[in-house]
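These are my notebook entries on a structure that I looked up. The entries follow the display below.

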Amino acid sequence: MAVAVTVTVPEGWEPGAFKARVDHVLHRFAAEEAGQLTAIDSSLGPVADAVETAVADGKRLRAAFCYWGWRAAGQPDSDALVRAAASMELVHAAAVVHDDLIDDSPLRHGRPTAHLALREAVRDHPQPVLAARSLAMLAGDLLMSMAGQLFVTSGLPAAYLGRARPLWAALARELIAGECLEILHTGSAAPDTAISLKVVRYKTAKYTVEQPLLIGALLGGAGERLRAGCSAYGLPLGEAFQLRDDLLGLFGDPALTGKDGSDDVRGHRPTALLAETWRLAGEEDRERLRTLLAAGAGTDKDTGTDTTDTDTGTADAVRDVMRRLKAPDRIEAMITARVEEALHALDELDLPGPAAAALNGLAHSAAVRRS
């Protein structure tokens with residue numbers, strides 16, 4: 001079994017208060033954008049609603065990493081910086097809408113995903129399913145555009161924004177590369193842990209921790225040593241975050257995660273959890289997995305057919321194989337190792353006390369969670 005990592009949540013760092021600041025920025029900004037959209041034509045109301053819904057919830061971890069990158073560079077609290085940091089959450093909202101569309105996921109935060117929620121708006125369309133998916137894709141595109149808009153209008157000096165602007169291109173490129181890699185390797189006949197970890201790194205880890213942290217640090221004028229330290233901390237912690245997400249996807253409580261627990265099995269996605277299960281399995285278990293994954297892939301949420309019982313039964317059978325082979329323990333060990341690596345890199349940086357304490361606490365929040 002993995003050894004637990006103990007992380008002390010810092011005094012003076014109030015995640016709830018920070019989240020409220022970011023929520024205020026996002027909700028107001030999204031409402032303004034929604035208003036401008038419906039001013040064009042009232043029929044755009046459902047798309048405007050989808051945009052607002054996409055930013056309604058969230059832990060705001062990406063904004064927090066951006067903020068503490070700024071503070072790590074020795075900068076004081078700043079409302080303008082909070083606005084810039086909130087733009088990281090719009091990147092995430094865009095990625096989520098697109099990811100749910102690509103994966104055909106039915107739930108997010110316990111609510112229907114955008115491409116399902118938008119079906120009512122196009123019920124009279126000749127192809128309502130395709131039309132709703134198209135609307136969701138465009139809503140995701142708009143959210144990414146809004147991220148850039150919020151960043152450049154945050155109120156920070158242009159010279160500060162210029163320091164971080166090159167990283168935005170890398171963020172978008174690498175996020176898209178990760179999504180493409182997942183699509184290209186979905187359904188692989190022989191899941192591979194190295195490939196799965198590359199997907200983890202580019203699809204989630206970099207834009208969740210490393211890049212927001214680096215953007216905040218660059219906005220604050222960070223030197224080369226701090227930038228290198230941000231990457232040394234951010235990459236393994238971002239990977240730990242997604243590995244935890246993979247575990248929660250199959251073994252978490254859907255009432256807490258707000259997601260369909262059969263999604264990864266139904267989609268035959270190249271998660272590290274599946275890859276480690278495959279690596280540990282003998283031929284008999286591999287044949288069992290092939291059969292189960294083929295059955296899961298045969299269900300289709302777009303047909304309107306209720307496949308809940310089939311999906312649940314298949315996912316339960318896959319879980320049984322994973323538990324017997326102790327694949328979840330292997331993922332827990334990977335998470336522990338990555339959190340320890342991140343915390344070691346943090347210790348090496350000798351940051352200002354509040355930044356060091358907050359980043360220590362955020363390591364706990366990102367990797368040790370139930371939702």
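I took buried to mean under 20% relative accessible area, exposed over 50% and partly exposed in between, with a 1.4 Å probe and protein chains only. The model is predicted, and I kept local features at pLDDT of at least 70 and side-chain atom pairs at pLDDT 80 or more, while totals for chains, interfaces and linings use all residues. Residues are numbered from 1 along each chain as its sequence is written, and side-chain values use heavy atoms, without hydrogens and water.

Entry on α4. Helices are DSSP runs (H or I, at least four residues), numbered from the N terminus. I found α4 (residues 79-103) mostly covered, with 20 of its 25 residues buried. I took its expected span as 1.5 Å times one less than its number of residues; this gives 36 Å, which agrees with end C-alpha atoms 36 Å apart. S78 caps the N-terminal end, a side-chain oxygen lying 3.3 Å from the backbone nitrogen of A80. Just after α4, D104 takes a positive phi of about 55 degrees.

Entry on E174. I located E174 in helix α7 (residues 158-185). Is E174 buried or exposed? At 18% relative accessibility, E174 counts as buried. I list Y202, K206 and Q211 as its contacts (heavy atoms within 4.5 Å), not counting residues up to four places away in sequence. The side chains of E174 and Q211 are joined by a polar contact of 2.6 Å. For that term I used a pair of N or O atoms within 3.5 Å; within protein, one must be able to donate a hydrogen and the other to accept it, and residues adjacent in sequence count only if both atoms are side-chain atoms.

Technical notes: Helix = DSSP H or I, 4+ residues; strand = E, 2+ residues; numbered from the N terminus.
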